[in-house]
Structure formats: C-alpha cells, structure tokens
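User: Hello! I am new to this structure and would like to learn how to read its features. Could you walk me through it?

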Amino acid sequence: MTINNRLILAHLWTAFAAFGVAILLGLWQMWVRSPLAAPLSTPDNYYLSVTAHGSAMAYVLTTFFIMGFGYFVAESALKQALPAPRLAWAGFVLGIVGTVLVVATVLSGQASVMFTFYPPLSASPLFYIGLVLVVVGSWIWCALMIVAMTRWKKANPGTPVPLAMYATVANAILWLWTTVGVAAELLFVVIPAAFGWTQTVDVGLTRTLFSWTLHAIVYFWLIPAYIAFYTMAPQAAGGRLFSDLMARGSFILFLLCGLPVGLHHLFMDPEHSSGFKTVQMMLTVLVAVPTLLTVFTVTASMEIGGRLRGGKGLLGWIGALPWERPMVLATGLSFFMLWFGGFGGLINMSYGMNAMVHNTSWVSAHFHMIFGGSVVIMYFAIAYHIWPNLTGRLAPSLVLQRAQLWLWAIGMMVMSLPWHWLGLSGQVRRVAQFDYADPSISWWAPWMIMSVVGGGMLVISAGMFIWNLVSFHFERTGAAKPGPVEYARALHPGVPVPAALNGFVLWNAFVLVLMAAAYTYPIAQFFILKPPQAVVHRVDRTP
Amino acid sequence: MAVDEISAVQNERRWALAMGGVAAVMLAAIVWAGLGLHMNPPSNIETVDPNTLHVAGEFAENNLGTHVDSAGKITTRIVTTQFAFVPECVVVPQDMQVTFRLASPDVIHGLIVVGTNVNTMVVPGFVSQVHTVFDKPGDLLMPCHEFCGLGHGQMVAHVRVVPIADFRPDGDGRVTCDN
Ligand SMILES: [Cu+2]
Ligand SMILES: [Cu+2]
C-alpha cells in the first residue's frame, strides 16, 4: 500500500482536470475549422484556445500525471516510503503556481503564441515564468526519483532495482536532459525579451534550442505507457514479463536515442545544413528500434498469459486473454493505434517526404494518434489500475471503464484519420477558418464534419473517464478490500542483472557524447555566423 | 513454458537484429527518396537582415516575383510578412527548374505549395531557398503554414504554373500575374 496517497491523488487530479477542460477546447476548435457555424468563432478566440489546449495537454496533463505516477511507483514498487515528501509537495505547489500563471495569461489573451511559442512572437513574461515553474517543480520530482532509487539500492545490495522504478528513473534522467534546451531558450533569450530587456532575438538559435527539447519530450510523455506495457499489462493478462533484461535495454535505448534527434523538427528550416539534418535523421530511425522491441516483448509476455489460460494454436492465445480487464483492453487498443501513429511518424521523419506534410494537418493527426491515442489511453488504464489502491475501494463498474476505453480509441480514429489525407492534400494546421467556397478545397467539408463527430466522441469518453474516477471516491468501502498493485514478474526471476542495466552512470556518459556530437555545432554556428536578429513582436499589446 | 531467460534473450536478440534490419531498409528508402526524387529541403544557411531587406537589394519590392536572368535561370522571390505574401501571385513555367528564394522582415512564416514538394519555413535572419519543377499547369494554392499572429489564416497566395509557350518575360526578364 502506498503511504502518500494524497500527494499522488493531488497530482493525478490536477492532470485530469486540465485534460477535462482542454478537451472541450479541442472540440470547439474542430468545430471552428469545420464548415459548421461555431459560436464565438473569431481568430482571437481560436488562437487563444489552441494555445490553452496545447499547453494544458502537453505540459499540465503530462507533467502532473508523470510526477504522480512516479511517486506511486516509487512507493509501490520499492515498497519503501518516499524520501522527503515535503519536498514533493513543494514541487507540486510550484507546478500549481506555474499552471495558474499560464492559464491566467492565456485566458486574458496575453499569450496567444501557441504552446511552442516561437520567437520573435512574444507573450507576457508571466506566461513563460509559469512554464519555468512547472519545469522546476518537475525537476524536484526528478531528484526525488533518483534519491529513492539510490537509497533502495544501498538498502538492497545485489538485488536489481524493480523494472517499473528503473524505467521511472530512466524517464526522470531523460527529462533532466530534455529540459536543458527549452530552459536555456527561456532563461537566456525569451524571458529577457519578454521583459523588454532585449529588443531583438536570434530566431535560428531559439528554434534550435527548442528542437533539443521537442522530440525527447515526447518520450517523457510516452514512458509511463511503456511502463504499463511491461509491468502492468502482462500481470493483468496473467502472464509473465518475457525478458526483464531486454525491457531495461529498451528504456536505455529511449534515453540514448530520444535526445540527439530534435533537428528532424527543423528539416524545412533554412538555418541548418543538410549534413546535420541527415545525421539526426539517421539517429531518428534508430528510435523505432526500442518501440519494435517493446511490441515484441509485450506481445510475447501477453502470449504467456493467453497460453496459461488455455489458449491454443498460433493465435488462439489472443482470444484467451482476459479482455474484460481494462488494462489488457487498453494495451490492445494502444498497440492498434501505434501502427497508425508509427506509420505517420515514419513519413514525418523522412528527410524528403517530410516536405509533403510538414506543418499540415498530417502532423496534428500523427501526434494526436500517437500521444492522444496510444499514450493517453494508457494513462486512463493506469488510473483505473491504481485508483483502487489510492482510494481503498474497488472499481464501481468495469463495464463503464471498458466502454470509455473503446469510445476513446474509436473517437481518436474517426477524428484523426481524415486529418491524414486532408494534410496530404495541403490542409495546413493552426488556421482558424477555411474558405469552403473555394472549389479546390470544398471537398474537405464532409471530412471536417467527420472529425467534429470524432471529437464529440472523445469529449463523451473524457466525461465518462472523469465520472469513472469520481465514482470511486463515492463508493462505499465494502468488506472486499483491493490488494496492492503487483508488477509483472519476469518469466525467470533471479537472473543476474549486469550493473550497467541497474544504473545510469554509463548511459549518461553516452548521452553526453551523443548530444555533444549532435548539437555542439548546430548551436555554436549561431555564435560563429552571428545571423542578423529579428525585432521582438509582442502579441499582448499593440505597438 | 520451457523458455528460460537466456533463450528469451536470444529470441529477443534475433528480433532486435531483424528490427535493426527493418530500420536499415527504412533508412535506405529515405536516402533514396531524398537523393533520387530530388527532395532537398532548404539548407542553404544564407543570412539576410530582416530589418533592412525591403530597403535595397535582392528583396526590395521591385525585385520581387519571377525573374529570368541572362543565363536563363528562373528565380521567384517572395517576401512573407504579417499578413501577406509579396507578391500575392507568382507565375512560373511548367517543366522547368525554378528556384524560390524567400525572406521575412518580421516573424516566422512558412509555406507549402499544395500538391508539390515545395515546403519551407521562412525564418527571419535567413533566406530560404527551394528548387523545384512543376509538372502540371494550373493555379496552385500557397498558404502560410506557421502561426505568425492573428491574421495568419488570411495569409494565402497563388502560384500560377503556365505552359512554356505562355511564359513570356518582359524586357527586364520579369513575369507577373498581371501581364
Ligand atoms: Cu520529433
Ligand atoms: Cu502565418
């Protein structure tokens, strides 16, 4: 049983509250872009809404969920109390203050710069300070995760760190590396410009620093889903983790390959050479490897479960899986969406083919499918999996949980499949309204309406999700008490784990070398070349 | 379940090698597409001062649009600015190599010529250069694709692709949508 349940619940409820509001904005945005007449539809409102939706989903939902889940894993997998829970609360408060600043500046129209805030567009300085506070709060979490693992290793010499915790610390370390780029951008360029201390910015430099963060942040969001794939899904399916060592290897590969690849977001930029773009493109291809390894290991782990339950033949084990368990169902749906999201990503990362889709709806489709689909559905499953533990109550209704998961997956497909071909046909993202009278784009109309319908399904599913969690808290505590969350055991426990796969010192050295190779020159070139700077453009006041 | 950890790892290693092979094939396809299909994103690292580009030089107003130089090289110069392309319509010939050169005096913009491989960011401080060949005549849509402020949605231009016979430069080598 976990001890700091209030701390964990505070984080997770903050995450899901932000999610619940942001998804309503998302539906309204789809409606505005569609040929249907939407209320309050002005460009000001639209860009305000897109900024709020992106910031809430990409920064608030993710960061708070990952922190809360990390605290849960640290207590339940290590079976020890969290070090310094007061510090953890301090991190939470910093994150809340930051979130309030972001929300206040965005809602008052002083920060309509999108969650990517590309200079020289510039918002109220409080918006950026809010983001910094959220990040600083998460750094405290990173430190606590590392300390928790280190203490446990001291107390349990010779025993491998449980996989769920090892992966959580991998994510904490990944996040520390990831945030270096955006922190440098904010502290040295963006915030001084927002305060008016500097009048111009080096735009190429800011884009490059942001790219440092922009890819690896996706792996930060994704790793909790992978932790559930490896340690929760096989357990729920009655199986065993096929190979503990290879699971560790996959998380290390995410740490190594997730970082030195950010330039793939700048393929269509004029400030970098083909040489460095190509190098980072090649590294990007490598990040497919840990995902494919995961698909294999997790499928094999589930197969063990299916066969232990009497499944026979080549595929008979699939039918024998306990699909009525939300964790198993969510894993299946997540894998299904992963194929679509993965295929879309393959096109994005192709140096040449990217030209067909860069900054079109294809890109929005890709990250909604892979993040909103494959990853967030696992956030739901994790919540369902650990809520009994956090509240001491059994799930009020598994039927509603399953219905919610199905509706989410179907809604995501209905919403984002049309975006793929609209993007290929030249529909750009982040535009409030289209002229459907133009004969070359009038055929988009029915597909846009289909997306609105998909968005509506997602909103209903989100509402069901919130309801499913809230109803736990109102459930009466009966005689039946939920047991503690168990993590999947390896097929053959007790296999010695090499020291390298039980710590991170070696891998940090590798990351340092890779990042130095990938980013030293692309960043240094701006100090050598000294390109002309651009004048800061404030969005929150008229010049 | 006669699978021990060693053979499990061996299985996984085989799978990892196979996936490494898949990654290598993907890489080969990407390189082939990049080189073979002449899909070369802008990577020219050429600087220009956003604050003075309209005053004189290549991006002064009278130099914008399509121009054929004495050697027959066709260049289309466009300035992307809040919230319009200058000029808002450009003419290019079908089946000939065309070079786009773009610059921004204010914030980041971007553009895609719908249905072609022309796609680039326009970053203040740099000139974006893209080469392409248009294989069909017609009016192509060219929207701005990077959020550049409240008027971003109105930023749309056209590329008019004409058969070579209809592509007639004037005495200075210029071709515009009006003539
Ligand atoms: Cu990326
Ligand atoms: Cu724009």
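This is a predicted model: local features need pLDDT of at least 70, side-chain atom pairs count only at pLDDT 80 or more; totals for chains, interfaces and linings use all residues.

User: Which residues coordinate the copper ion (ligand 2), and through which atoms?

Analyst: To read a metal site, look for N, O and S atoms within 2.8 Å of the metal. For the copper ion (ligand 2), these are B:C144 (SG), B:E146 (O), B:C148 (SG) and B:H152 (ND1), at 2.1 to 2.6 Å. Along the sequence, the donor residues follow the spacing C-x1-E-x1-C-x3-H. Both B:C144 and B:H152 are buried.

User: Why is the arrangement around the copper ion (ligand 2) irregular?

Analyst: Four donors count as tetrahedral if all angles lie between 85 and 135 degrees. Here the four donor atoms subtend angles of 82 to 132 degrees, so the arrangement is irregular.

User: What are the protein donors of the copper ion (ligand 1)?

Analyst: They are A:H215 (ND1), A:H264 (NE2) and A:H265 (NE2), which lie 1.9 to 2.1 Å from the ion. Their spacing in sequence is H-x48-H-H. Distant parts of chain A are linked in this way: A:H215 sits in helix α6 (residues 203-236), while A:H264, 49 residues apart from it, belongs to the loop between α7 (244-257) and α8 (274-286). Both A:H215 and A:H264 are buried.

User: Are A:K79 and A:F117 buried or exposed?

Analyst: Buried means under 20% relative accessible area, and exposed means over 50%. A:K79 is therefore exposed, at 67%, and A:F117 is buried, at 1%.

User: Where are the cis peptide bonds you can show me?

Analyst: Look at omega for these. One cis bond runs from A:P119 to A:P120, with omega near 10 degrees, and A:P120 is in the loop between α3 (85-107) and β1 (121-122) of chain A. Another goes from B:Q82 to B:F83, with omega near 0 degrees; B:F83 is in the loop between β3 (74-81) and β4 (84-86) of chain B.

User: How is chain B divided?

Analyst: Chain B has domain 1 (1-40) and domain 2 (50-175). Taken over C-alpha atoms, their centres are 41 Å apart.

Terms used. Residues are numbered from 1 along each chain as its sequence is written. Chains are lettered from A and ligands numbered from 1 in the order in which they are written. Side-chain values use heavy atoms; hydrogens and water are left out. Domain bounds come from an automatic or database domain assignment. Donors are N, O and S atoms within 2.8 Å of the metal (3.2 Å for Na, K and Ca); water is not among the atoms, so sites may look incomplete. Helices (H or I, at least four residues) and strands (E, at least two) are DSSP runs, numbered from the N terminus. Buried means under 20% relative accessible area, exposed over 50%, partly exposed in between (1.4 Å probe, protein chains only). Four donors count as tetrahedral if all angles lie between 85 and 135 degrees; four count as square planar and six as octahedral if opposite donors are over 155 degrees apart and all others between 65 and 115; anything else is irregular.
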